[in-house]
Amino acid sequence: MNYKELQLKIGLEIHRQINTHKLFCHCKSELEDSKPNHLLKRYLHDVSSETGEKDVVAAYEKAKKRYAIYEVMDASSCAVETDEEPPHKINRDALDAVLEVVLLLNCKIINPIQVMRKQVLDFSNTAGFQRTAMVAMNGWVETKSGRVGITSVCLEEDSARRIKTAKDHVVFRLDRLGIPLIEITTEPDITTPEQAQEVATYLGMVLKSTGKFKAGLGTIRQDINVSSKGHVRVEIKGMQNLKLIPKAVDKEIARQQKEKKGKGEVRNVKPDGSTEYLRPMPGAARMYVETDHPLIEISQKELKEIKTAELLDEKIVQLEKKYNLNAVVAKEVIGNELFLKCVKKYKLEPTLIAKVLIEAPKEIKTRFKLNVEKIKEKDYHFVLEQLEKKTIPKEAALEILTTLAKGKKVDLNKYKGVSADKLEKEIKELVQKKKGIALNALMGIIMGKYRGKVDGKKVMELLKKHAK
Ligand SMILES: [Zn+2]
């Protein structure tokens with residue numbers, strides 16, 4: 001596709017749960033599967049409609065005939081979630097997490113911060129509005145094909161969890177309501193699907209670097225706004241898998257170009273990257289000042305004290321350089337305390353240590369389907385010690401760890417290397433005996449006999465030496 005000719009414009013909106021208690025009360029931020037302690041039945045709150053736009057009023061009229069049932073779990077919801085009590089003071093840990101991110105995204109902090117009420121008419125909030133606070137704006141991230149602007153970064157409360165939709169009512173669970181969320185919105189500066197993936201990956205890396213955000217299914221929600229030549233913006237919701245972004249965007253462009261008269265709408269992404277119609281594009285939500293929460297002033301001292309995490313991408317580059325690792329391995333040893341300990345302790349190549357600690361257990365897990373949890377820290381030390389003392393060759397590490405994962409005893413005699421003299425003598429004899437046979441075939445003979453006992457590289461060197 002020629003994206004330039006298609007005048008492709010993409011903007012992202014990323015939501016991620018912050019790993020702390022709820023935003024306006026002290027309830028825990030955890031979803032629950034147990035039975036609700038009690039149920040609440042509510043009709044929609046009265047909305048003040050002094051400047052009521054048509055669509056909002058229409059939606060309100062429609063919603064009025066319906067009601068919601070809220071499942072209340074005492075461990076994860078209180079009178080704030082049920083809207084019987086005003087919000088408590090904003091969760092400062094959540095705000096600090098967002099402040100750290102906005103600095104990493106080169107944004108301008110808004111000070112003081114005003115909590116707002118964003119009207120919601122789908123019952124997903126007991127109060128009829130979602131509380132949201134814009135923390136910063138006008139930032140940017142760098143990509144391979146240029147800068148992408150960050151429009152705004154908000155701190156907001158998650159909505160209640162939809163359990164069931166019936167003809168005349170909806171059922172929501174209150175456990176998710178009030179969990180703090182960061183919302184990052186980019187400018188529609190993105191011009192290719194690959195760039196969209198790059199930005200989403202980068203933002204995910206920034207959030208992960210701080211260690212203050214939740215990870216896993218349901219904790220991340222990314223929406224992608226796509227517009228192409230002759231077609232207005234369409235929002236694709238529910239993108240969980242970053243790798244799916246280019247495919248989904250391509251499919252959406254093709255769909256837009258086929259549709260004669262484009263209309264703005266919200267579509268839901270399916271696992272194959274195609275999308276389905278969800279609802280019309282809503283008008284701008286009505287916002288009011290949250291009068292139950294004071295302005296949040298951030299002092300100069302507080303601003304100075306915000307510490308920003310070192311980005312994981314930078315840490316990876318450093319590890320690559322420091323230990324001469326490739327990028328994939330470097331990414332995996334990040335935060336691996338055992339690796340850092342072993343690199344200091346043993347006079348071994350860091351790549352070899354990474355092989356023993358990271359690659360070997362992975363291979364054991366995928367190839368032999370064994371439980372690598374059975375390999376304890378002392379086992380890894382045992383293998384590394386043997387490697388350092390040269391009592392076993394490198395090749396034996398995988399087999400010894402496999403034996404340990406099987407819960408069996410390791411017989412080191414099995415791996416006792418052949419003495420260098422003996423090996424060289426044998427190779428010399430073999431080369432003379434099997435003149436004219438390819439080196440690889442000779443290699444096969446030696447390795448077959450001494451598998452796990454000799455270093456393959458050394459064998460090949462000796463074979464070459466004596467074949468001359
Ligand atoms: Zn609560």
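Me: Which side chain does the side chain of E81 make a polar contact with?
Reply: The side chain of E81 makes a polar contact with the side chain of K22, at 3.1 Å. A polar contact here is a pair of N or O atoms within 3.5 Å, where within protein one must be able to donate a hydrogen and the other to accept it, and where residues adjacent in sequence count only if both atoms are side-chain atoms.

Me: Before we go on, what kind of model is this?
Reply: This is a predicted model, in which local features need pLDDT of at least 70 and side-chain atom pairs count only at pLDDT 80 or more, while totals for chains, interfaces and linings use all residues. Residues are numbered from 1 along each chain as its sequence is written, and side-chain values use heavy atoms, with hydrogens and water left out.

Me: Back to E81, which backbone nitrogen does its side chain reach?
Reply: The side chain of E81 reaches the backbone nitrogen of C78, at 2.8 Å.

Me: And where does E81 lie?
Reply: E81 lies in the loop between β3 (67–72) and α2 (92–104), with helices (H or I, at least four residues) and strands (E, at least two) taken as DSSP runs numbered from the N terminus.

Me: Is E81 buried or exposed?
Reply: E81 counts as buried because its relative accessibility is 3%; buried means under 20% relative accessible area, exposed over 50%, and partly exposed in between, using a 1.4 Å probe and protein chains only.

Me: What does E81 touch?
Reply: Leaving aside residues up to four places away in sequence, E81 touches K22, C25, C27, S76, T126, L174 and L177, where a contact means heavy atoms within 4.5 Å.

Me: New topic: which residues does H381 touch?
Reply: H381, which is found in helix α10, touches L338, K341, C342, K345 and Y346, again not counting residues up to four places away in sequence. H381 and L338 are 43 residues apart in sequence, and their C-alpha atoms are 9.5 Å apart in space.

Me: So is H381 buried or exposed?
Reply: H381 counts as buried, at 12% relative accessibility.

Me: What about the backbone, where is the peptide bond that is cis?
Reply: The peptide bond from N111 to P112 is cis, with omega near 0°, and P112 lies in the loop between β4 (108–109) and β5 (115–119).

Me: What is phi of Q7?
Reply: Phi of Q7 is near 50°, which is a positive value in a residue other than glycine. Q7 lies in the segment before β1 (9–17) and is partly exposed, with a relative accessible area of 47%.

Me: And what is phi of K369?
Reply: K369 has a positive phi of about 50° although it is not a glycine. K369 is found in the loop between α9 (350–368) and α10 (377–389), and K369 is exposed, with a relative accessible area of 67%.

Me: Zooming out, how many helices and strands does the chain have?
Reply: The chain has 14 helices and 15 strands, and of its 468 residues 47% count as buried.

Me: What does the C-alpha trace of the chain span?
Reply: Along its principal axes the C-alpha trace spans about 100 × 55 × 50 Å. The chain has a radius of gyration of 30 Å, whereas a compact globule of 468 residues would have one near 23 Å; the radius is taken over C-alpha atoms, and the globule rule is 2.2 Å times the number of residues to the power 0.38.
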